Each structure stands twice: as C-alpha cells, then as structure tokens.
Amino acid sequence: INGVAYPPFHLHVSPFQIFNHTGEEDGWSWIGDWQDTLILTASNCNGTVPCGDDVNQLIPEGAVEYGWPGEVVIRWWTDQFTGRYISHCHL
C-alpha cells in the first residue's frame, strides 16, 4: 500500500497484519501488529523522526522530488469472506 505516511488507510471486514514498511518505526504501529486502520507517520523518514523537512525524507529510486508518502506491505486472511472488500482513507 502506498501513501501511508499521510492519510490513514482503512480496510473494512478483515483486520490486516503489518508485514513490512519503509522508513522508521513510529512507536505506534509495529511490524507484526494487527490493525484495521493504519497511518505510519515515519514511513517516509530516513533516520530522523519526525521528518517533516525534505532533507530527512526517503526518496525512492526514480522519484523526482521529496514528499514521497511511504509504503507498507500487509497480509490478511481471505478464506472465510466471499464478498467485496472496501478500502479508503480517513481524512
């Protein structure tokens, strides 16, 4: 999931586990945690938390400017639900 440093991500129906993420730990959401709403404020930080200034933000290869919103890898169980999933941000 991209963009987890700024608007919170929410997945309806099934909680998900944080498997991996970019940047630094923010002291709130840790790898291995189960969540249904996620914001990783430090997922775009490069060693300094908080990293609001451009100098301390991660820049992925190929990006042309600062302000990259970070990313997270999640996993969740899908074997008992046959309907549609809804995901959205909480602004």
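Okay, let's start at Trp-34, which sits in strand 3, residues 34-35. Strands here are DSSP E runs of at least two residues, numbered from the N terminus. Quick caveat: this is a predicted model, so local features need pLDDT of at least 70 and side-chain atom pairs count only at pLDDT 80 or more, while totals for chains, interfaces and linings use all residues. Residues are numbered from 1 along each chain as its sequence is written, and side-chain values use heavy atoms, with hydrogens and water left out.

Back to Trp-34: it counts as partly exposed because its relative accessibility is 44%, and that label covers the range between buried, under 20%, and exposed, over 50%, with a 1.4 Å probe and protein chains only.

Now the inside. The largest nonpolar core has nine residues, among them Phe-9, Phe-16, Leu-38 and Ile-74. A core here means buried Ala, Val, Leu, Ile, Met, Phe, Trp, Tyr and Cys residues joined through side-chain atoms within 4.5 Å. Strand 1 (9-11), strand 2 (16-21) and strand 5 (72-75) each put in at least two of its residues.

Let's follow Phe-9. Leaving aside residues up to four places away in sequence, Phe-9 touches Ile-1, Phe-16, Asp-36, Thr-37, Leu-38, Ile-74, Ser-87 and His-88; contact is heavy atoms within 4.5 Å. Across in strand 4, Leu-38 stands opposite Phe-9.

Strands 1 and 4 run antiparallel, joined by two bridges, and pairing takes at least two DSSP bridges. They belong to an open three-stranded sheet, order 4-1-6, with antiparallel pairing. Strand 4 (37-38) and strand 6 (87-89) are the edges, each pairing on one side only.

Conventions. Helices (H or I, at least four residues) and strands (E, at least two) are DSSP runs, numbered from the N terminus.
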